[in-house]
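Here is a short walk through chain B. Keep the structure open while you read.

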Amino acid sequence: MSWKKKFLHYLNFNVPLTVFLLIIIGFLSISSAVEINQVDSNALVFLQRQAVSVVLGLLVVFILQAYDYRIFKEYAAVIYLLMIGLLSFTLLMGRTVAGGKRWISIGPINFQPAELAKIMLILVLATVIDNNSDDMGYLKGMFWPSIIAFIPFVLVVLQNDLGTALVLFFIYLVMLFAGGGNIKYMALVFGSGFLIIVLIISAHVMLDTPLPFLQEYQLNRLIVFINPDIDPFGSGYNIIQSKIALGSGRLTGKGLFAGTQNQLNFLPEKHTDFIFSVIGEEFGFMGSALVILLFLFLLWQFLKIAEEARDRYGYLVVIGITAMFLFHVLENIGMTMGIMPITGIPLPFISYGGTFMMTSLTAVGIIININLRQNKLMF
Amino acid sequence: MDRLKILRIIILVIFIILISRAAYLQIINGDYFFRLSEGNRISVRPINAPRGKIIDSQGKVIVSNRLTYNLYLMRNEIPPGESSEEILAELSEISGIDYQRLINNYQNTDVKSVIEPILLARHLSKEEMVVIVENNDLLPGIIVQEASLRDYIYPENMVHTTGYIGEINRNELISFNELGYNYRAGDFVGKSGLERQYEFYLAGQEGAEQIEVDNRGQKKQTLGIRKPIAGNDLTLNIDFELQLSLEEILKENFDRLRLEAEDDEERIKPTAAAAIVMDVNSGAILASSSIPNYDLNLFAKGISSSDYQKLSNDPLRPMLDRTVMSDYPTGSIFKLITGAAAMEELGVRADSSFYDSSGRFYIPNWSRPFRNWLDRGEGQLDFVKAMARSNNIVFYELGHELYKEYRGDKLAEYARKFGLDQKTGIDLPSERSGLVPDDQWKRETFNEPWYPGDAVNLSIGQSNLLTTPMQIAQLFSVFANEGILYKPQLADKITSPEGEVVLDIEPYIKADLRSEINDSTFAALNQGLYDVVNKSYGTASHHFLNFPIEVAGKTGTAQTSRALTNHAWFGAFAPYEDPQISVVVLLENGGSSSFSVPIARDIIANYFGVDEEDE
C-alpha cells in the first residue's frame, strides 16, 4: 500500500465531491447575479476574486493535512488569545462598512476576522469541553465553556455583526449539547437569555428605552420579518423581493441569466446574502431542492465523520463545524424564503465573499483531517 | 452517542422545513409570485395625444400644437430606501423648479395606483427638460414625456370663438367621466368657445407604453405600445382671411371711437364691439368677433391666478363674448318684427299710408308723448318709407293697434317666430337666449299687467327687449332668404387625423316661415331695408354713397337707462338681389348707429372685394 493509498484509505470522498459541486453551483449563480451576460458588467472581477479565495482555501486544505488536528488542542490557549486579539483589533482599528466595523486590511488583503473566529472558537471550545468532560453534567463543567464563548460573542456583537454573533451562540449551544451539557441548565440559560432579549425589545418599542446591543435597523429587520408588508418599500423590501424571486422560478426556473428579479436588480445583495434567491429564480424548485439536499448530504457525512472520530476532541470539533454550517444554511436559505429574519450571513461555498469561502474550506480541511486520522494506527 | 441521534433528527427536521418551504413558494404559489415578478419589472409610461387642430374653411390652420415636455413621478420605480420627497428635493435642486410646486402636485394627486404616473409639472422649458434628462441617474422614478402645447398661430384673433383651455376641474372630471369619457386629473380641456363645445372631438386619447424597467426605473426595453389617438380636427365655416379683416376693421374703429370720445363731451366711449358675418343660405358663420379680447397664449400652459384676476377684474370684461353672451335691446331693428306682425295681422300693405304730424305719439289717457328721433313731423309716409326713415311714430301706431287687437302677446309671438327669446343654437357654450317681454313675463316679473306703453315701447325695440348680436345676424338672414330660419353654425366638419370625416355638419333649418308669412310681407320689408341704404332719405344711405354692391340694412340705436349710452346697431344683408351674407355690427354704448354703419359697410366692402376708389 503506497503512502497515498494509505492516506486516502479513510477519506470520505462524498465530502470533497459535494463541496466541489456546491462551489460550481456558486460560480454559476454568482455569474448570473453579477450579470456576466451584460456587456458592461464587471463580473469577471468578482469571479476572479472568488476563484482566488477558492484556490487559497484549497491550499489551506492541503497544508492542514500535513499536521495532526490535535495540534490545535495543544495550542488552544494561543488560538484563543489570537482570536480575542484579532476581534479587539478589528473593533478598534477596523474599517467601517455598512454600519459595522468588521474588516481589517493587511496590505491589499481585506478580511473579516469574525469569520475566522467561528473556527477558532470551535477549536477552543472543543478543547475546553473535552477537558471538562467529566463535569459537563454539572454547572461547574459548563462554566468555562460559557465564559470562553461569551467574550468573543460580546466582541462580535460590538462590531454590530449580529449574524456572526448568532452563529457563535449556536455553535456554543450545539457543542455544549453534544459534549454532554446538562439540558436543564442549558434550557435555563437559553430561556432566560431569550426572555431578557424579549424584555429589552419590548421596553424599547413601548417605553423607548435604549437598545444595548441591537441597532435600530436590526430591530426593524426583526419587525419586518414578522410582517414584511408593514413597510414594503423600506425594510420589508428585501424579504418581499426575495420571495418573489424564489417563487417566480416555479418548478423549473426561468433559466440561467433569465431571472428578471435578478437581472433587473430587484433582488438586493444578490451575489452575496441573497444568492439562493437567484438560484431559486433561475433554476426553480429543482435547483433550490438540489442545493438544499446537497447541504443535507454534506452535513450527514460530517456527522458520520464525527461518529468515527478517533477521540472526543475530534468529535467535538466536527460537531462544532457541523453546527456552524447548519446555522448558516438554515439562516441564509430561511431568510431568502421569509422564514428567518434577515441577518446577512452568507450561504457556504456559494455566496460571493472571500473570507467566508476560506473559512468554510478551512473547516472542511479540518474535517477531512479528522476523517483521515480516524484510525489510530495511521502513520 | 444518544445526543448525536438527536442532532441528526434536528438536522433532518430543519431540512424538511427548508424543502417544504421551497415547495410551498415555488410550486404551490409559483404562479402567484411569477405574476408579481412580471408586475415588478413592468411599468407604464403615458404617451400624450395631441389635441385636434382648428382649421378654417379654406384649409388654413388656425390653432395647432407644438411639442413640449411634461414631468412625471412613477412611484413604483423609486428604489427602496429613497422617499419621493427626497427625490423631489433633488429634482428641484437640479432643475430649479420650485420644490413647493412639485410637492403640491405630488401630494394633491388623485392617482392612487403606484404604477400610474403622477404629473409633477407641465410644459417644461427646454433647459429644464435637458438638465433633468441628463441627470436621470440621480432621479429614479422621475420621467419626462413628450406632450403637446396648444399653438395659437393668431393668439389675439377669433379669441372668444376659439375659446381657451385649462386644467380639468373636479366637476368636469366627474361629469365627463359619467358621460363615458376617460379623463384624468391634470388633463387640459376646453373651457370656453369651440374648444369647450367640441371638447370630446378635439381631445386626443392618451396612449401608453409598457416597458421593462430595472430597480432604478431605467428603461430596459419596450414590451408593448398602446398608440395614442390624436384628437380630431375641427374645420370651421369661418373664412379666416375675412375674420382677420373684420377684426382689423372692428378694432380700428373701436379704438378710434374711444379716442374721439375722450375729447368730446357729447360722446362717451363705447365699451365693446361685436361683428358677425353669416351665410344667409346656410347659417354658416363666416366671421365673428368680439372686442375687447385677450391673448389666448395666457391660457395655453394654464393661466396664472394673477393673470386670471386681471382679466376678470377688467371693467371692459374682455372674457365676455359679446356675440352670444351679452344681450341688448335692438332699437329700431325690431321694426322688422313689428312690421311683419302688422302686415300679417293688421292688413297693412307696402303702400299703406301713415301720417306723422308732430313727431309725437299719444296714447289715450296717457299724458307723456312717445317721440320720434326727429323733433318734427315727417308728414305723409307709406309703410316702406316709414321703414326707410325708421319713423317711430308709424311703428308706435302699429304697436298700439296690435295691442288693442291682441293685447300683449302678438308682437312677442312674431319676435319668437323670428328666433328671438331663445338661443340660436349656435355651436358655442354659454349662449344667452335674450328676452322678449310680454304680458305673462311682466306679470311674473313685476306683478303688473302689460300696459299700452309697454307695447308701444316694444314696437320700436325698447321696453325690456334683449337680443344677442347672433340673434340679429340670424334675423337678417331670414329676411335675406325670405323665410328660412337657419341655425348659425361655426363648425363645418370634424375629421379624424387620418382625414376621415367623423362628423359632417349640414346646414340646419330650424323653421320655414314661408308657410306662415306671405312673400309680400318679406318683399315690402326688404324694400324698406333696401331704401334705408339706397334712397337718399334712408337712415344709412349717406354711408353707402356710390357703393357698388346693393345692400339692404337697418340701423338701430337702442336706448339704455343711462343718458348718451345708446347701443349702436347696424344689421344688413347683401347683395340685395341675390343675398349671400348678412352682417351685424354692435357697438356697446356706441352712442349712435351712425358709428356702427360705416363699420358694417367696410366689412361688406371687404367681403365683396370692393376697392376704396369704387365707392
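Start with the annotated stretch. The unreviewed UniProt entry lists residues 7–27 of chain B as a "transmembrane region". This is a predicted model. In it, residues 7–27 of chain B are 100% helix and 0% strand.

Next comes an open sheet. Three strands of chain B build it, in the order S1-S8-S9, with antiparallel pairing. Strand S1 (42–47) and strand S9 (219–226) of chain B each have a single partner strand, so one side of each has no neighbour in the sheet. On average, neighbouring strands here are turned by 30 degrees against each other, direction ignored. Look at one pairing in detail. S8 (residues 207–213) of chain B joins S9(B) through 6 bridges, in the antiparallel sense. There, B:Glu209 sits opposite B:Ile225 of S9(B).

Now move to strand S23 (residues 581–588) of chain B. How many of its residues are buried? The count is 8 of 8. B:Ile581, B:Val583, B:Val585 and B:Leu587 point one way from S23(B), and these are buried. B:Ser582, B:Val584, B:Leu586 and B:Glu588 point the other way, and they too are buried.

Which strands pair with S23(B)? One is S11 (residues 272–279) of chain B, which runs antiparallel to S23(B) and is joined to it by 8 bridges. In this pairing B:Ala273 faces B:Leu587. Another is S22 (residues 567–574) of chain B, also antiparallel, with 7 bridges to S23(B). Here B:Phe570 stands opposite B:Val585. S22(B) and S23(B) form a hairpin, with 6 residues between them.

Conventions:
Residues are numbered from 1 along each chain as its sequence is written. Chains are lettered from A and ligands numbered from 1 in the order in which they are written. This is a predicted model: local features need pLDDT of at least 70, side-chain atom pairs count only at pLDDT 80 or more; totals for chains, interfaces and linings use all residues. Two strands pair if DSSP finds at least two bridges between them. Helices (H or I, at least four residues) and strands (E, at least two) are DSSP runs, numbered from the N terminus. Axes are lines fitted to C-alpha atoms, for helices over the stretch in contact, and angles run from 0 to 180 degrees between N-to-C directions. UniProt positions are given in the numbering used here, feature names are shortened, and annotations may be inferred rather than shown by experiment. A residue is buried if 20 or more other C-beta atoms lie within 10 Å of its own, exposed if 12 or fewer, and partly exposed in between; C-beta atoms are placed from the backbone.
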